[in-house]
Amino acid sequence: MSAPSLSIRNLTSFPFELKLVERYHAPQSIEPRVIANITHNITSFVTRVRSPSSPASPTSPTQPTSRQIAEHAESFARQDVSLQIQPFTTSKTEVKTAERSADEILRLTFECDGQRYRIDTPTPTHASQTLVPLGPGHDTDVKREFTGVFIKSASFLAIYSSTNLQRWMQYIKDSTPLSALSIPGTHNSPTHHKALPSVRCQAVSPSIQLLNGVRFLDIRVQPEHAEGEGKDFMFLVHGAFPTSFTGQKYFHKLVDHVYEFLDKHPSETVIMSVKLEGTGTANDQQLSLILHDHYTNGNERWYTKPRIPSLGEVRGRIVLMRRFAIHDSLRGEHEGAGWAIDAENWAYNTPNDRHGDVCVQDFCEVLETENINEKINFCCSHFERAGESVCPIPGVTTDAIHPVPPGPLYLNFLSASNFWKVGCWPDRIAAKMNPAIVEFLCMKHDTEGGMKGDGGVGIVVCDWVGKDDDWDLVRCIVGMNARLEMKLAKGV
């Protein structure tokens, strides 16, 4: 049979060598007594990876390893190879993805820094897999962990450095500006409750999102009273609608959940974008006073300076991004500089707009299913803009005493909807958008032009991540920090 050749992209800062290729019959062709066991072990690979010393997140089952498959199956072909795959390069191999049947299993063994790892492709699901360490002491002495994402339709394997999504920022230097980072975010973050199909944008709560790597929350509020009297004075909304059929949900409770997360994970920061929506009478200026007087004033948990901070300035804190105008009394805050990161007025339905401290792709009016591909193209173009930027890092790419100010935060909204078209509801668009973006990040992002910039993707604002415990999109976004981390480590 004629099968395509395998391509492998190394998205880590470590060189890999492909050492061994083995081929196995598809599970249904193996003796019946082990089919159930093999199928279970293949489909049970989790979509997140944690370090051996870190606790599993609440939604993570214990992960089996592909070594269990080898106990019951023998390869029908085995080939020793030596193929070097340097960091941040793609190699088109001569390894065919199949020899006897299209559904056979291809087992690849790599070596990195003296340690061998193994991965089986493809799997019955689209979930990422951990590369299984081999040899003596593999359970305790492994220096590094890696994740593989296999794109079956393209015969393409992308390898990322694994990270603990609960505290992925702990590995990044304090001097790094937030605008240099690739940050997973969610659109209308607290809309995971039962609600109208155009209102619900998320599968899981913000608390679960944070535990699985999300660090940007998009919040829409409506004050119950314009003057902000009482504690429960701001509802969570999406447009004109509440976020739940079962009663109002409140902003202060959401903030408490973010505090709780940051208390347990002080290496992290959460960027919170706040916007006024709903049918009440409050205006932007009143919202700004409510946030200032009842939440941020004198509260070190919040960062409200009107500039992009370094990570070290905001670990354990909420960074306020305002999508509203501020009251005149707040213009004198921070020695007259103003108050909060300015994202007040970007153009509506824009494929690309620089405004204030942000550069935004927010093309949201996908009126027909045929327009989803147009939206995907806008997203990918914005990824490339972000990837080409070089963020000034004090002491690395700019003077440590008088550094060049960082560039804008690149905001890339993957969200869009049309209430009147079932195929354009948020969950339906995300079902097409999210896999397409995973493929783009694995295969195409930052491959043209000789990697002129830092290779990041900015803040990626997603719908419906975590559905069926699928966090591959988040993992790919976090993985795009690898080249920046390598530059920081080398100091160049």
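## Cavities in the model

The count comes to three cavities of 30 Å³ or more. Here a cavity is a set of points on a 1 Å grid over the protein atoms alone where a 1.4 Å probe fits but cannot get out, and lining residues have an atom within 4 Å of a point. Grid points are joined across faces, edges and corners, and a volume is the space filled by probe spheres set on the points. This is a predicted model: local features need pLDDT of at least 70, side-chain atom pairs count only at pLDDT 80 or more, and totals for chains, interfaces and linings use all residues. Residues are numbered from 1 along each chain as its sequence is written, and side-chain values use heavy atoms, leaving out hydrogens and water.

The largest cavity has a volume of about 80 Å³. Twelve residues line it, and Leu 11, Phe 88, Asp 446, Gly 455 and Met 480 are the closest to its centre. The lining of this largest cavity divides into five nonpolar, three polar and four charged residues (Ala, Val, Leu, Ile, Met, Phe, Trp, Tyr, Cys and Pro count as nonpolar, Asp, Glu, Lys and Arg as charged, and the others, Gly among them, as polar).

The second largest cavity has a volume of about 70 Å³. Its lining residues include Ser 179, Cys 391, Tyr 410 and Asp 454.

## Helix α11

In helix α11 (residues 482–490), Ala 482, Arg 483, Leu 484, Lys 487 and Leu 488 are buried, meaning under 20% relative accessible area with a 1.4 Å probe, protein chains only. Gly 491 follows α11 and has a positive phi, near 70°.

Conventions. Buried means under 20% relative accessible area, exposed over 50%, partly exposed in between (1.4 Å probe, protein chains only). Helices (H or I, at least four residues) and strands (E, at least two) are DSSP runs, numbered from the N terminus. On a 1 Å grid over the protein atoms alone, a cavity is a set of points where a 1.4 Å probe fits but cannot get out, and a pocket is an open set with protein on both sides within 12 Å along at least five of seven lines; lining residues have an atom within 4 Å of a point.
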